[in-house]
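Please keep the sequence and the model in view while reading.

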Amino acid sequence: MNYEEKIQLYSCIKRQFTDPGLYKTSRIYEWLYTNGYSPEGFGYISFNELCADFPEVFMFQDDPDSGFVLIKGWEQGDSNISQGYFHPADNFFGTKNIILNDDIIEMTQQSLYALTKILASGLSVQQMKQEVFQKFNQARQSGKLEFLGEKYVFPIDYCPDGQLVNGIITKNLNAYGKSLYFAFEKTRISRGVSEKKQYTSVTAQIPEDDVKHIYSLLIGSFPLNQPLHMAAISKFLTDRGVDRTRFGFLKMKEFLAQLNFLELKEIILGGVPQVMVTIKGLYTENKAVYSDYNRENNRRSLDYGSKSLLYRLPEGELSDFCNFPVKPMSILEEFIEQSRQQNDFYDLPDIISRDFDYARRNGTIDYYSGKLVFPCRYKKSDGTNVELTLKPSTYEGKEWFLYYVDTVVRDSKVFPVSPIKQLESFAYLGNWQSALSGLAAIAANEEWDFSDSNYKNLQILNQYLKFTFNRIMHEKKICVSQNRELAAFNTGLVDKRYNDIFACFTRNDGGGQEWKLIGFYTEFSGVMGKKLSDYFGPLPYSPTYFTRNEDMLFDFNKNINIDFERLLMDNIQHLPLGFLREQLFDFREGREIIERIGSVYDKSERIRLFERVKDIIMLNSRLSGRLQNCLKRSFEFAKKRVKYNYKNAVPAYFPKHDSIALILPLALSDDTTPEAAVVLEITRESYQVQSILTLSQAYIDARLISPLSADWLVSSKISTLHIQQDFAADDEIPL
């Protein structure tokens with residue numbers, strides 16, 4: 001190897017290994033090979049032989065086969081680099097056999113995000129990056145990759161307006177960046193008829209590995225052989241990165257129809273055509289393995305296959321692509337110290353990296369909402385693993401960062417069907433809106449809509465009844481006659497004479513569900529009332545929520561455990577937009593995002609925007625501290641309100657985990673007007689502050705137990721603004 005070749009090689013090495021130190025030989029070899037500097041290309045049999053011939057930079061310590069080599073500083077090489085003697089891309093730039101990957105090209109988050117918007121692809125930034133790599137390789141293989149005027153040009157995709165977008169790759173002028181730089185341009189080339197995307201359920205094929213992955217996802221969260229709404233299946237798969245269009249399908253129905261373990265059936269529900277999906281236990285001899293793994297671990301498993309069209313994990317060591325901010329690291333260190341688990345904090349980043357690698361090899365990494373969650377070696381008090389959450393970074397530098405350290409012990413109960421869907425799974429409801437109107441007419445006078453709601457559709461009553469049925473299911477209080485001609489449950493509501501109102505069902509012969517709703521009656525409702533008395537003795541019992549009366553009242557003698565940082569970051573989407581706008585007064589980007597959130601009603605888009613707000617808060621300790629101080633002040637004021645009037649601590653029921661909690665008012669912008677509610681989980685010894693609710697969510701969860709008398713939680717005082725902030729009518733806050 002001559003002097004000029006050594007300069008070129010050293011320049012390439014300094015791009016990735018900027019500081020002198022001990023590095024893995026495999027990492028150095030992979031980096032050089034990726035950039036066109038394989039040892040074989042210089043005439044060496046092995047990497048060790050190359051190092052031995054380049055003592056100015058490489059030095060082995062004791063054993064050349066140890067897997068590590070010392071990279072030294074080289075004054076002559078640094079001098080040549082600073083004089084612009086050589087660019088690392090010179091050795092391979094301009095050739096058509098270039099292999100594009102994340103090690104050699106710089107692709108900014110802003111550029112990728114803008115590309116997703118122009119193409120209207122719906123992809124995340126990380127997915128867009130993989131899409132660019134794929135388009136580049138396709139262009140190279142098909143001969144559509146062009147090298148024009150010191151830049152690569154290749155087609156990516158067409159915009160909604162029919163114009164082609166080209167990718168552009170040039171040498172990176174930043175001396176400390178990667179070898180290449182990515183940009184894109186919108187051309188004047190229009191889509192031809194023959195080039196238009198075609199989606200068809202006849203010709204499109206789903207790879208076998210992806211079919212297995214989808215099957216494992218579904219049976220881990222839904223029951224077998226039970227009709228389910230297609231909308232629920234569609235949302236579930238979309239949230240976990242399954243994109244039907246990438247498999248060649250325009251409609252979700254066509255996509256699901258190609259999965260041979262699913263059965264689709266069209267029915268009329270509430271006067272509206274619906275598609276019901278049944279998961280059949282018919283997929284391969286390995287179905288039990290998938291089922292046991294997913295049900296036990298409640299995992300959203302990842303597909304690691306090379307042919308996967310789903311999410312793919314970042315490659316390389318964790319420390320290569322992930323930052324470890326001070327705040328989450330200090331939380332983990334404090335937990336380790338308090339739990340008296342041995343650790344040398346100096347080695348903690350390496351330990352986390354090894355745990356991530358172990359989780360990757362064993363398939364125990366979750367991917368959802370754009371984040372990666374994996375268990376580390378440290379244990380919670382219940383013996384389960386502490387989980388670490390990684391999140392893509394929206395700033396320059398490494399692409400991921402440690403976002404959250406989960407040390408909280410939670411209820412492990414998980415139900416296969418969403419609580420609000422239990423009633424629909426149990427019975428065909430017919431014209432549901434008409435049935436609700438009939439129930440509201442006979443029930444004791446109560447407001448079943450929020451005061452200025454645009455749609456008077458008995459929203460409160462709808463959710464009350466469905467969540468009450470979920471509680472009835474847990475308590476096994478659904479009554480079925482011996483001849484199975486009649487079923488009924490106590491709604492927990494009364495008529496104007498305080499007689500219990502019952503929901504009554506008859507057999508649904510030939511339908512998807514066993515039962516169908518007849519209506520709502522008391523024991524004095526003529527023929528049906530007589531049937532209730534004849535078939536059931538005693539009549540169905542109403543739901544109960546308390547085993548101890550003291551759980552209904554706030555106990556000032558109990559300790560209150562609260563992590564204000566976790567409370568803030570986990571519940572940012574439930575804080576009033578006006579309050580957030582005020583607190584982000586000196587963060588222009590944050591204010592602009594809040595303004596956009598106020599005009600967006602698409603759930604996925606709102607989630608994405610709130611994630612960006614959380615990034616801003618997470619990466620700015622001053623702003624995070626300001627918001628946490630506001631929560632602390634509001635919480636202390638809430639306790640004063642409860643001390644003055646015990647009714648201000650309102651008991652509420654959370655169907656998803658079948659648990660009781662107390663909710664307190666949070667006045668955030670001033671000390672007089674509650675704008676949200678804080679949830680206190682009740683334990684024998686203390687209260688655990690878990691989450692924040694919007695007022696509409698708080699009202700619905702509290703109304704399940706009894707009519708409300710707290711002066712701060714009144715339907716007439718809850719505006720549609722709070723409803724608009726809710727992600728969905730049936731959203732719940734996990735305890």
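Helices (H or I, at least four residues) and strands (E, at least two) are DSSP runs, numbered from the N terminus. The model is a predicted one, in which local features need pLDDT of at least 70 and side-chain atom pairs count only at pLDDT 80 or more, while totals for chains, interfaces and linings use all residues. Residues are numbered from 1 along each chain as its sequence is written, and side-chain values use heavy atoms, with hydrogens and water left out.

The sheet is open and has five strands in the order β17-β21-β20-β19-β18, with mixed pairing. Because β17 (427-428) and β18 (479-480) stand at the edges, each with a single partner strand, one side of each is left without a neighbour in the sheet.

## Helices on this sheet

Helix α15 (residues 432-442) lies across β19, β20 and β21 and runs at about 25 degrees to β21. Here axes are lines fitted to C-alpha atoms, for helices over the stretch in contact, and angles run from 0 to 180 degrees between N-to-C directions. Helix α17 also packs on the sheet, touching β19, β20 and β21, and its direction makes about 110 degrees with that of β19; contact means heavy atoms within 4.5 Å.

In α17 (residues 526-535), Met 528, Gly 529 and Leu 532 are buried, where buried means under 20% relative accessible area, exposed over 50% and partly exposed in between (1.4 Å probe, protein chains only). Seen down the axis of α17, these buried residues fall within an arc of 105 degrees, so they line one face of the helix; the arc is that of the directions from the helix axis to the C-beta atoms. The face turned away from the buried side of α17 carries the exposed residues Gly 526, Val 527, Lys 530 and Asp 534.

Helix α12 (residues 326-338) and helix α13 (residues 348-362) pack at an angle of about 90 degrees, with their axes 12 Å apart. The two helices are therefore roughly perpendicular to each other, a term for angles of 65 to 115 degrees, whereas angles under 35 count as roughly parallel, over 145 as roughly antiparallel and the rest as oblique.

At their contact, Met 329, Leu 332, Glu 333 and Ile 336 in α12 meet Leu 348, Pro 349 and Ile 352 in α13.

## A second open sheet

Another open sheet of five strands has the order β22-β26-β25-β24-β23, again with mixed pairing. Strands β22 (559-561) and β23 (650-654) stand at its edges, each with a single partner strand, so one side of each is left without a neighbour in the sheet. Five bridges join β23 to β24 (residues 659-666), and these two strands run antiparallel, with Ala 652 standing opposite Ala 661 in β24.

## Two buried residues

Ile 169 has its place in strand β7 (residues 163-171) and is buried, with a relative accessible area of 0%.

Ser 715 is in the loop between α23 (695-703) and α24 (720-725), and at 7% relative accessibility Ser 715 counts as buried.

Technical notes:
Pairing = 2+ DSSP bridges.
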